[in-house]
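Hello,

Here is the structure I promised to send over. Have a look at it first, and then read on for what turned up in it.

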Amino acid sequence: MPKKKLSPLPSAAFQILLALAGEDLHGYAIMRQVKEQTAGRMRLGPGTLYSSIQALLEEKLIEQIEPVPTGERRRYYRLTSAGRKLARSEAERLADFLRAARAKRIFRGEYV
Amino acid sequence: MSERIYAFLLRLYPSHFRLVYGDEALQLVRDRARHESPMRLWIDLLFDLVRALPRLHLHPAPIATRATAPAFLVLDSDAPRAASLFLGVVASLFLIFATIPIGHVLARGPAGSLRPRTAMQVAAQAPPQFTAADRHRLIQAAAANVKRYYFDKQVAETTASALLAHEQAGDYDAAAGQVFANLLARHLTEASRDRHFTMEYTARVFPDFSKPPPPQDQARYRAAMLEVNCAFEKVEIGMNHVGYVKLNAFPDIAACQEKAESAMAAVNHADALIFDLRDNRGGFPNMVVFLASYLFDHPEYMFNPKDPVTEQTWTRSPVAGSLLVDKPVYVLTSSRTYSGAEQFSYDLKMLKRATLVGETTGGASHSGVLHNLDDHFAIGIPEHKPVNPFSGKDWAVTGVEPDVKVKAADALATAEKLAETRLRRR
């Protein structure tokens, strides 16, 4: 069986899931949202964005929104419940890492 | 400029990816080019290219049914052409030279820094299999619907057989869901040369499009529209006596006639009128015609590629009490102005009744009638040959060109200036 594209979950895919957790967005809006939530560190280009979207669609973690009567050429994407679940478990896993890091006292100061 | 170069670079991507996401990728570059410096954008684009290309070329074409069936990893179905290879070399060389001096200045993105190692946790709820038989059934149904409903029987025949030929050639193998729908849509428009064909997919279940929406849906629509003031965001007359109507959709007359009447009454005494459709994604043709009715002293034909000519395609002019019939009108457009809003812009422009200020519109003409193929797929087929009194083509895909081309953000100020100059001259 071929290796699944999303295992392990690439961080671009994770950020796209997070971006869609708030609202349904089209490609460019996803890119902007990801940029914002990573404080400008991740700027998705078209190749990364749409190859991730394609993989997420195939795994049914996101879905393309059905047409509304107002109609628009841009495609909007929506998080599925499976996508939300995966994003949550991924975030929990990262939080575990953070707890471990905190226990090792690698942070200076008191934050996080 | 960036867009054209990128369109060229897109050839490096596998054909199945290009086919489905090429337009969207270009749109993204267009959007980013509007807001980012070219230098920054191109560094990003080239990094993106080297990062995404190997992954895409090493993965098979779109798949949804890999979970249980044995499968082989294949390279792209078509070998890269010489031009593509050349481009690849050029792009790589450029990258090598570009990244040496600036590589360590750039903020390192987290793209490669986090590599979680969990297995996918969604396999438990694997979707029902989408098999070759399903694909065949849908292609047959699509072809049959095209033959039955498309207005030009000869084109319908060639279009239907083109779908079957694509199936024979294996072009749909392993495609499912949205990817399959997008491929079909592309082939439909290619074969028919009619840009109004659409193919829709939902993971849920489509309603029966042959029936009108149930009453509870209509009640919900009405309530939602009233909550947002029927999409009239702002209606006012400024100090300069120029009326301003910001309308973000064309809601159904059945729900919003009163709101529309009071909006038009509020600007009735303006010396000039600006319709701001920069955030308007369209809606109901009946509202398009209703609002346009205020602007003419006799009925005018409001062309709409979806509908055959009926009584409703004519404005109900003159509207009793309307003082706007001889006032200058400006329509503000953006690249996000779609569908019904494009009809309003296009017809007023063609009738020489308004000056369009802003950007070329989005180019959405939803003129097909939707037919269910099964619960998840529906095909949009144009059923009438659009009779366009103005020119051979409408705004499908290409959009409506403004009379005065400025950035959407500058459109209001530009239109106000135009209106004031014109009013001073009178």
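Let me start with one pair of residues: B:His371 has B:Ile379, in β8(B), as its bridge partner. These two belong to β7(B) and strand β8 (residues 377-381) of chain B, which pair in the antiparallel sense over four bridges. Two strands count as paired if DSSP finds at least two bridges between them. Helices (H or I, at least four residues) and strands (E, at least two) are DSSP runs, numbered from the N terminus.

Before going further, a word on the ground rules. This is a predicted model, in which local features need pLDDT of at least 70 and side-chain atom pairs count only at pLDDT 80 or more, while totals for chains, interfaces and linings use all residues. Residues are numbered from 1 along each chain as its sequence is written, and chains are lettered from A and ligands numbered from 1 in the order in which they are written.

**The three-stranded sheet**

The strands above are part of an open, antiparallel sheet of three strands in chain B, in the order β1-β8-β7. At its edges stand β1 (198-201) and β7 (369-372) of chain B; each has a single partner strand, so one side of each is left without a neighbour in the sheet. On average, neighbouring strands here are turned by 25 degrees against each other, direction ignored. Helix α5 (residues 132-149) of chain B packs on this sheet, touching β7 and β8 of chain B, and its direction makes about 25 degrees with that of β8(B). Helix α7 (residues 177-192) of chain B also packs on the sheet, where it touches β1 and β8 of chain B and makes about 170 degrees with the direction of β1(B). Such axes are lines fitted to C-alpha atoms, for helices over the stretch in contact, and angles run from 0 to 180 degrees between N-to-C directions. Contact means that the C-beta atoms of two residues, placed from the backbone, lie within 7 Å.

**The six-stranded sheet**

Chain B also has an open sheet of six strands with mixed pairing, in the order β2-β3-β4-β5-β6-β9. Its edge strands are β2 and β9 (404-405) of chain B, each pairing on one side only. Strand β2 (residues 232-237) of chain B runs antiparallel to strand β3 (residues 242-247) of chain B, over five bridges. The two form a hairpin with four residues between them, and B:His241 in the turn has a positive phi of about 65 degrees.

**A bent helix**

Helix α9 (residues 253-266) of chain B bends by about 30 degrees at B:Lys259, the angle between axes fitted to the seven residues ending there and the seven starting there. In α9(B), B:Cys256, B:Ala260, B:Ala263 and B:Met264 are buried. Buried means 20 or more other C-beta atoms within 10 Å of a residue's own, exposed 12 or fewer, and partly exposed in between, with C-beta atoms placed from the backbone. The buried residues of α9(B) pack against α8 (215-227), β2, β3 and α10 (285-293) of chain B.

The mean pLDDT of chain B is 81, and 82% of its residues reach 70 or more; pLDDT is the predictor's confidence in each residue, from 0 to 100. Over residues 62-80 of chain B the pLDDT is below 50, and residues 96-126 of chain B are also below 50. Where pLDDT is low, the predicted coordinates should not be read in detail. For the complex, the predictor gives an ipTM of 0.79 and a pTM of 0.54.

Best wishes
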